[in-house]
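Morning, everyone. Please look at the screen, and I'll walk you through this one.

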Amino acid sequence: MNISSPLEFAAGFNGLGIVLAFIAVILGGLAIIFSFDYMRGEAQQRRYYALIIVFIGAMCGLVLTDSLFWLFVFWEITAVCSYLLISFHNENPAAVAGGIRAIIVTQVGGLGLLIGILAIQGNLGTDRISDVLASTQRLPSDVLALAAFGFLIAAAAKSAQVPFHIWLPGAMEAPTPVSALIHAATMVNAGVYLLARFFPAFSAVPGWTSAVALIGLASAFLGALMALTSTDLKRALAYSTISQLGFMVYAVGIGAIFASQFHLLSHAVFKALLFLGAGAVIHATGTRDLRQLGGLRHRMPFTHLAFLIGALGLIGIPVFNGFWSKELILDQSMREGPAWASWLLLIIIGLTALYTVRIVSLVFYGSPRHERQPHDAPRAMKVVLGTLSVGTCTTWLLAVPYAALLAATLPYHQFDLDSDVLGDVIHSPATWISLAVVGSACLIWAKRKWIAGSGWEFQAAREFIASDFGFERMARLVADITQRGAERLRAVQTGQVNWNIAQILVFLIVVLAGLAIGQLP
Amino acid sequence: MTTTAWLIGLPVVMSPLIYLAARITVRVNKLTFMTRWLALCVLGLVWLALYFASVYPVPVGNDSFRIDEVSGLLMAIVLTVTSAATVFSFADVRGAPGEEKYYAALIMMTGSMLGLVCSVDLFNVWVWFELLTISTYSLVMFRRGRSLEAGLKYLVQSAAGSTFILFGIALFLMQTGTLSLQGIARSTTDDGMMLVTGALLITGFGVKIAIFPLHTWLPDAHSQAPSGISAVLSGIVIEVALLTLLRVLAALGSTSASWGMLLLCFGALNMLGGNLLALRQTQVKRLLAYSSIAQVGYMLLGFGIAIEAGQAAAAQGAFFHVISHGLGKVLAFLVAGALLYALSRHTLTISELSGASRRYPLISFAFSLALLSLASLPPFAGFMSKWQIFAAGFRSNDAFISVFVIFGALTSVISLAYYLPLINFMYRQEMSAGVRNGRPLPLAMAAPVIVLALAIVLLGLFPNVVSEWTSRAGETFVAWFGG
C-alpha cells in the first residue's frame with residue numbers, strides 16, 4: 001500500500017452499511033421535507049440545506065466504504081457538518097458553545113480512530129477493512145489492543161456514550177430537523193456501526209467486550225436517569241438517545257450484533273419521529289421548556305397522535321418497532337450476558353417508560369401552562385410525521401430479511417439466529433417480565449403525587465442527576481485548564497527585547513545540555 | 001548551469017533595476033504601474049528558468065550551488081507564494097509611499113530565498129541568509145509608523161540569531177577546514193566541538209524558524225507587515241530557514257544520532273505552544289501568526305521522524321505539509337489583508353469578521369476552506385499532509401515516535417477551537433459596522449485568493465498531483481542524513 005497515492009474508496013456493500021445508508025438517505029429526505037415548514041422565513045437557508053446534503057453524502061460514504069482511510073475521512077466530515085449545523089444559529093452563544101464542544105469532544109475521540117487505523121495500516125500494510133477482518137491474527141496483540149480500545153473511544157465519543165456524552169445535550173441548540181437527523185437517527189449511530197463492523201476483529205482482545213458492554217450499560221442507565229429529570233424537551237430526548245444508544249452498544253458488547261443493529265433501525269425511526277414531533281411543538285409554541293408546555297392534545301391533535309406513536313415505540317409497547325428490538329436485546333442478554341446486567345436492563349426499561357410517560361404528559365396533557373395559541377403542524381410536517389408514524393408501526397416486519405442480509409454479507413461475523421427471530425421474542429419470558437416492568441412504571445407515574453406525598457422527595461438525587469453526575473463539571477474543568485494554561489503561556493510573550501534575547505541564550509544552553517546528555521554513553 | 005545562474009541571478013540583478021526604473025519613470029511621468037508589472041515579469045522569467053531547470057535531471061550545480069530535488073521543490077513553492085503575494089500587492093500597496101522599494105525588496109527577498117535553498121557551502125548560506133533577513137526587514141517595516149516596534153524586534157533578534165550562526169560557521173571551518181557542505185560529512189569525526197557547532201546553528205536558525213521559545217518576534221512581525229509580506233513570511237520564509245538548517249545539520253550528520261530526537265522535541269514544543277497561544281488571540285493576523293508556529297511544529301515532527309527512523313515517507317509528508325501549509329496560510333493572510341483593505345482598517349479583530357460572508361461571499365468561502373485545511377480537516381490539503389506525517393510515524397513501529405504523533409494529533413484538536421470560530425463569525429447574519437461600510441474588492445486581491453482556494457481543494461482531493469515531487473524530495477532528504 002502506498003500512502004502517497006489517494007486510496008481507493010473501495011465500496012464495500014454489506015448489510016450493516018446498506019441499512020445505515022438507507023436510513024441516512026430516507027430520514028435525510030424526510031428531515032429536509034420537514035424543514036420546508038420548520039425553517040420557513042429563516043435567514044441563510046442555502047447554507048442549511050447545503051450542509052444537510054453534504055452530511056447525508058458523508059454519512060453514506062462512511063458506512064459504505066471498505067477503506068480505513070475513507071472511513072476516517074467521512075468520520076471527520078460528518079463531525080464538521082454536525083458542528084456547522086449545531087452552530088447554525090451562530091448569533092446564539094449557546095449554539096456556538098454547543099457546536100465547539102461537540103466537535104472537540106468527538107475529535108478527541110476521533111484520535112482513537114486515527115491511532116487505531118494508523119497502527120493497523122502500519123502493521124498490516126492494507127487499507128481494506130475486509131482484509132483487516134480476514135487477517136486479524138497477523139496483527140501483534142498489543143497493536144490489536146491499541147486499535148480495539150482506540151476504536152472504542154472513538155465510537156463512544158461519536159455515539160455520545162459515557163463519559164463522552166457531554167456534547168449531545170449541547171448539540172440540541174441545532175435546528176430540530178438537524179437534531180432528528182444527525183443527533184438521533186444517523187451520525188450518533190456511526191459509533192455503534194464501527195463497533196459492530198469490527199467486532200470479529202476485536203472480540204478476542206481481552207477485556208474489550210466487557211468494556212463495550214459496561215460503557216453501553218452505564219450510558220443506558222445514566223442517560224435514562226438524566227432524561228427523567230430534564231426540564232427541556234429536546235434535551236430530555238437527547239438523554240433518551242444516549243440511553244438508547246447505550247442499549248445498542250451493550251448489545252454489541254455481548255455479541256448480539258443483529259439485536260444491536262435491529263434496535264438501531266427501530267430507534268432511528270421512532271426517535272426521528274419524536275424529535276420531529278417535538279420540532280412541530282417547538283415551532284408552534286416557541287418554547288422547549290417542559291414546564292411551559294402542556295395541554296397541547298386538543299390544539300395539536302395530529303402531532304399528539306404521531307408523538308404518542310413514537311413514545312410507544314420508545315417505551316416498547318407491542319407491535320411498535322421498539323418493542324421487538326428492545327426485547328431482542330433483553331432476550332439475548334438473558335442468554336449471553338451476566339444476570340445482573342439483565343436485571344439492570346429491566347430497571348432501565350422501567351425508567352425509559354417512566355421518562356417517556358413524563359414527557360408525553362407534560363407536553364400534551366394536563367392544563368396549558370402557556371399563553372400562546374398554538375396551531376397544529378403544517379402540511380409538510382404532517383406528511384413527514386405521518387410517514388414516520390407508519391414506519392414506527394411497521395419496520396419490525398423487516399427483522400427476518402434484515403437478519404438474513406447480515407448473515408449473508410458479513411462473513412466474519414457469526415450469526416446463530418433462528419429464522420424466527422420475532423417468534424423468539426414472543427416466547428421469551430424476558431418479554432413478559434419487561435412488559436410488567438413497563439406497566440408498573442406507568443403506575444408509578446400515575447401515582448406520583450401519592451409517592452411524592454409520602455415524603456420521598458429525592459431532592460439531592462435530583463440535583464446530582466441534573467448536574468450530569470459531575471461530568472459537566474469535569475468537562476468545564478478541562479476546558480478551563482486549557483484556557484488558563486494558554487493565558488499563563490502568554491507570559492512568554494513579554495514583548496521586551498531584552499527578555500527575548502535572554503530566551504535565545506537560555507535556549508542555546510538548554511540545547512547544548514541536551515546534546516551533551518544525549519552524547520553520554 | 002546557465003539555468004541555475006538565471007534562476008538565482010535574475011531576481012537579484014533585477015531588484016535594484018526595478019527600483020531604478022521606477023524612480024526614473026515616477027519622476028518623468030508618474031508611471032507607477034511599471035514597477036508592479038516589472039516585478040511580475042521578473043517572477044515570470046524565473047518561473048520559466050525553473051521550468052527549464054526541471055527539464056534536466058537533478059542534481060545539477062557545482063560546489064557552491066546545487067539544485068537537487070529538495071531545492072527544486074522549495075523553489076517552486078517560493079515562486080508560487082511570492083507570485084500570489086505580488087499580484088495581491090498590486091492593489092494592497094497601490095499608491096503607498098515607497099511602492100517601488102516594496103517591489104524591489106520583494107524581488108530581492110525572492111532571489112535570496114532561491115539562492116539560499118540551493119546553497120551548498122556555508123559562505124553562500126550565510127550571505128543569502130543575511131540578504132533574506134535584510135530584505136525581509138525592510139518589508140516588515142514598510143508601513144513605518146505602525147510597524148516600527150515589530151521591525152525593531154525582528155531586526156534585533158535576527159541579528160542575535162545571525163551571530164550564533166556565524167559562530168557556528170567559524171567553528172565548522174575550524175574543525176573541518178572547509179566551508180563546503182558536500183563530502184565533509186564523512187571526514188567529520190565524532191567530536192564534542194561539532195555538537196557545539198550544531199547547537200549554535202540550531203539556535204541561530206531557530207530564531208528564523210520560530211522554534212518555541214525563540215518565536216517571540218514572529219507574532220509582531222507577521223501581523224504588522226503588509227499582508228502580502230505576512231503571507232510570504234509565514235508561507236515560505238520559515239520553511240526555507242528550516243530546510244537550510246537541516247541541510248547544514250546533515251553535514252554534521254554522523255556526529256550525533258540525536259538530531260532527529262531534538263527535532264521531535266522542538267516539534268512538540270511548537271505544536272503545544274503555538275496552538276495554546278493562538279487560542280487566546282483576538283486579532284485575526286496575530287492568530288494566524290501563532291498558528292504558523294504550531295504548523296512548523298508538524299513539519300519538525302515529520303522531518304524528525306524522517307531522521308530518527310530513516311523514513312522517507314515522513315519527510316515526504318513534511319514536504320507535503322510545507323506545500324499545504326504554504327497554500328493555506330498564504331490564502332488566509334491574503335484574505336485577512338483583503339478584508340483589512342476592504343474595511344479600511346489597520347487591525348482586524350475576530351468580531352469584525354461578523355457577517356463578512358454576506359458582503360464578500362467569495363473570499364469568505366475561500367477563507368473558510370483555508371481555515372478548514374489549516375485545521376487539517378478532510379478533504380483538504382492540510383488533512384492529507386498531516387495524515388502522511390502521522391501514518392509514517394506509525395509505520396516506523398517505534399513506540400517513542402508514536403507518542404509524539406499522538407501528542408501532535410491531540411494538539412491539532414486544540415487548533416479547532418480557534419480556527420472554527422473565525423468561520424462562525426464570517427457566516428453570521430448581522431454585519432459588523434466595518435463590513436457594512438466596506439468597499440468592494442479589486443480583482444488583484446480576489447484572483448490569487450480564488451486560485452489558492454482551488455489549489456487547496458484540488459490538492460486535498462488529488463494529493464498524488466505533487467506526490468512524485470514530494471516523494472523524491474523525501475528520499476533525497478533521507479539520503480542527506482545517510483538514511
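**The interface**

Start with one pair: B:Arg280 and A:Glu487 join their side chains in a salt bridge, 2.5 Å from N to O. A salt bridge here is a side-chain nitrogen of Lys or Arg within 4 Å of a carboxyl oxygen of Asp or Glu. Between chain A and chain B, the count is one salt bridge.

Some ground rules. This is a predicted model, where local features need pLDDT of at least 70 and side-chain atom pairs count only at pLDDT 80 or more, while totals for chains, interfaces and linings use all residues. Residues are numbered from 1 along each chain as its sequence is written, chains are lettered from A and ligands numbered from 1 in the order in which they are written, and side-chain values use heavy atoms, with hydrogens and water left out.

Back to the interface. The rule finds 10 residue pairs in polar contact across chain A and chain B, both residues at pLDDT 80 or more. A polar contact is a pair of N or O atoms within 3.5 Å; within protein, one must be able to donate a hydrogen and the other to accept it, and residues adjacent in sequence count only if both atoms are side-chain atoms.

Which elements give two or more residues to the side of chain A that touches chain B? They are helices H3 (68-86), H4 (93-124), H24 (471-489) and H25 (497-519) of chain A. Helices are DSSP runs (H or I, at least four residues), numbered from the N terminus. H4(A) gives the largest share, 15 residues. By type, this side of chain A divides into 34 nonpolar, 16 polar and five charged residues. Ala, Val, Leu, Ile, Met, Phe, Trp, Tyr, Cys and Pro count as nonpolar; Asp, Glu, Lys and Arg as charged; the others, Gly among them, as polar.

Now the totals. Chain A puts 55 residues into the contact and chain B 68. Contact means heavy atoms within 4.5 Å. Together the two chains bury about 5600 Å², with 74% of it on carbon and sulfur atoms. Buried area is the accessible area (1.4 Å probe) that two parts lose on being put together, summed over both.

Leaving out residues up to four places away in sequence, B:Pro421 touches A:Tyr83, A:Ile100 and B:Leu416.

**Inside the chains**

Over all chains, there are 18 salt bridges. One of them pairs A:Asp331 with A:Arg335, at 3.1 Å from N to O. Both lie in helix H16 (residues 321-336) of chain A, four residues apart, about one turn of the helix.

Next, rings. The structure holds 37 aromatic pairs over all chains. Rings of Phe, Tyr and Trp (its six-membered ring) pair if their centres lie within 6.5 Å; planes under 30 degrees apart count as stacked, over 60 as edge-to-face and the rest as tilted. B:Phe129 and B:Phe205 have ring centres 4.9 Å apart and planes at 70 degrees, so this pair is edge-to-face. B:Phe129 sits in helix H5 (residues 122-140) of chain B and B:Phe205 in helix H8 (residues 192-209) of chain B, so the pair ties together parts 76 residues apart in sequence.

Last, the backbone. Most residues other than glycine have a negative phi, and most peptide bonds are trans. A:Gln44 has a positive phi of about 55 degrees although it is not a glycine. The bond from B:Phe212 to B:Pro213 is cis, with omega near 5 degrees. From B:Pro378 to B:Pro379, the peptide bond is also cis, with omega near 0 degrees.
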